[in-house]
Amino acid sequence: MSPRSGSNLLLFIVLCLFVTAYCKFPTLDHIKPKASNKVQGRAVVELLKRLLGTRSTEFIVSVNKSLSNDSLDVCELRSTKNNKIVATGSSGVAVASGIYNYMKYFCNCHVSWSGNQMDLPRPLPKLTGVLRINTQHRFRYYQNVCTVSYSSVWWDWPRWEREIDWMALNGINLPLAFTGQEALWQEVYRALGLNQSEIEEFFSGPAFLAWNRMGNMFKFGGPLPQSWHINQLYLQFKILERMRSFGMIPVLPAFSGNIPKGILRLYPEANVTRLGPWAHFNCSFSCSYILDPQDPLFLQIGSLYLSQVVKQFGTDHIYNTDTFNEMTPPSSDLAYLSAVSRSVFASMTAVDPQAIWLMQGWLFFSDAVFWKPARIQALLHGVPLGRMIVLDLFAETEPIFSYTESFYGQPFIWCMLQNFGGNSGFFGTVESINSGPFKALHFPNSTLVGIGMTPEGIEQNPVMYELMSELAWRKEPVNLSNWVSLYAVRRYGSSQNNLTAAWRLLLSSVYNCTVPHYKNHNHSPLVRRPSFRMNTDLWYDPADLYKAWKMMIEAAPSLMSKETFRYDLVDVTRQVLQVLTTSFYKDISDAFHSQKLPELLTAGGVLVYDLLPELNRLLSSDPNFLLGTWLERARSLAIDDKEADLYDMNARNQLTLWGPNGEIIDYANKEWGGLMEDYYAQRWGLFVHTLVECLDSGQPFKQDMFNHAVFQVEKGFIYNRRKYPTKPHGDTYEIAYRIFLKYYPQALKRL
């Protein structure tokens, strides 16, 4: 062989490797934005107007799909002689995220759920040469099937518009778009012959639709009014139009086999399994009916529904449905499991031959006892390789790809779950998310096609989402200490040393949970029904939190005009009081068990009559921590008082009892002004009062009797009809500083 032919062979091998790496899944080649370059460019221009007002004209935007030759987004920015920035990208999302990268790192600007810090320098800082920002990840996915219930259930269009802008700025190009699907299901059920009462018996109320869709529950919180269907359908049309205008690929719903009981009347011979109870619900609201995917009726209903979806919503060919979510399959036979996924996929391809099935991988973690590797492989291989994308939903803590040989060849997305139930409370796994996506990328025979954010609820811990979305555009892990220092500067528009020091402390402690298998449900006694079996563990040293709190209090006077700083001052003070509540709870418990009434009265009195009221005042001083906003948004969607009361009950119940009798009590707890006063503080007051009475009378404390009494308090909150403020009240700094003077010395003493 001549040297020349040898070098040609080497070149050929390198080329093959390159093609394999970038064309691993030709089955996904058709998944691309349908909007023209012009439409996508206009969408970014309009976003910049909303964000920057008149200064938006200082950015010259263009979209050119051919800038990327491998489906991986890229943006190039350069300065003009007259101090403008020219941004050209392969999609609207690429341009928006490229401009946001420039605004973050050259202008110290910041956009978040809890406020923006947009002090743009004048003139805009100059770029030397071309700033090129690109990604290794074909898809940047966003949302969890639960997010629609825990966070966006009551949103109107202006709030959705803000969220889609945030998605574009943060590079999201594969968002879940589940709004309005019940309106289409209603049409399908009517076409099949169900009557209206059978349909109404099936749909749950708005705050519980996520679990109705997954086949976990039905009816509770319903019936869904017709005005709900109309409103949600209208919203979905606007949501889809806006998402697509940026070049995003919305993920639409498909059929999983979950059916109303009324189907049995129409098709008595259908192969239907009635599941057992879900969570702690009884069969009045759970024990769903699941149609066997191999029954011909499955294909009929699934294709009828998907054809409605495609007709009404259009399609970008990616559909989500989840079989066996938190439900064990009726058979462990491998052939059965493959047949199930084959049938589900067939109901998609019958309508859309180019369909791709996006599946949450949560079931493999939540029912790990059942889902052994061979069964996982059987389920995944029922679908042709490359025609399914699996979300490794909780990969920062429980990665599935690593023990399934990269999902046995199916493409997957590495996701950060981060939050359960939309709970308040600091939490993060920064070291894990900083390294995890890169480990997945370099895993042997990796089938990684993207990274994602899959929180059950949003509007908390903005630092985690900013870091995670940025990692999609990084070639390697960031230096966390440097990264968070710059984050602090741009979040507040201030380079005060104590702010960057505070954030370095927070990131290395409360935001760096390294406890194996830890699930971030806020377990703090503050937001849980009082008992003597409460979880008091912390994954961090509270001394770091207290130091950061002191630094933020010291920096506060000059920064109170910044909404981002006000939010963080409330949030860090809230976290401190959450930790101190645990401390007082331990004092209460010790005093009771030692039968020391004076100590019990002191600890209980401070908690119930000072700490919790102060926390309520603090939360009530910031618009982001108000129960009234959540309730007002719910009621505003109603067209009459009856609907308003139904939505109000849904909104309150989800936060508290989560079911008629506390079936999933406090799962979706929130630390909000109003809720603190009328729900959490009332429970603690009753607990302390009960313990005092027990010591006084010499009677033992009986948890079941207390649970019965406290349930009346909890239920009373849901139906108290009180109207809560929707506007903040009080001076945040004054309240936070008063709390600091009172409780900082206490906090240090308790270390």
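Cys 287 counts as buried, at 1% relative accessibility (buried is under 20% relative accessible area, exposed over 50%, partly exposed in between, with a 1.4 Å probe and protein chains only). Keep in mind that this is a predicted model, where local features need pLDDT of at least 70, side-chain atom pairs count only at pLDDT 80 or more, and totals for chains, interfaces and linings use all residues. Residues are numbered from 1 along each chain as its sequence is written, and side-chain values use heavy atoms, with hydrogens and water left out.

So what is Cys 287 joined to? Its partner in a disulfide is Cys 283, with the sulfur atoms 1.8 Å apart; a disulfide here is a pair of cysteine sulfur atoms within 2.5 Å. That rule gives a count of 1 disulfide. The link of Cys 283 and Cys 287 is left-handed, at -65 degrees about the S-S bond.

Cys 415 is in no disulfide either: the nearest cysteine sulfur, in Cys 146, is 14 Å away.

Here is how accessible these cysteines are:

| Residue | Relative accessible area | Class |
|---|---|---|
| Cys 283 | 38% | partly exposed |
| Cys 287 | 1% | buried |
| Cys 107 | 5% | buried |
| Cys 415 | 0% | buried |

Now for a helix. The buried residues of H26 include Phe 706, Val 710 and Phe 711.

Notes
Helices (H or I, at least four residues) and strands (E, at least two) are DSSP runs, numbered from the N terminus.
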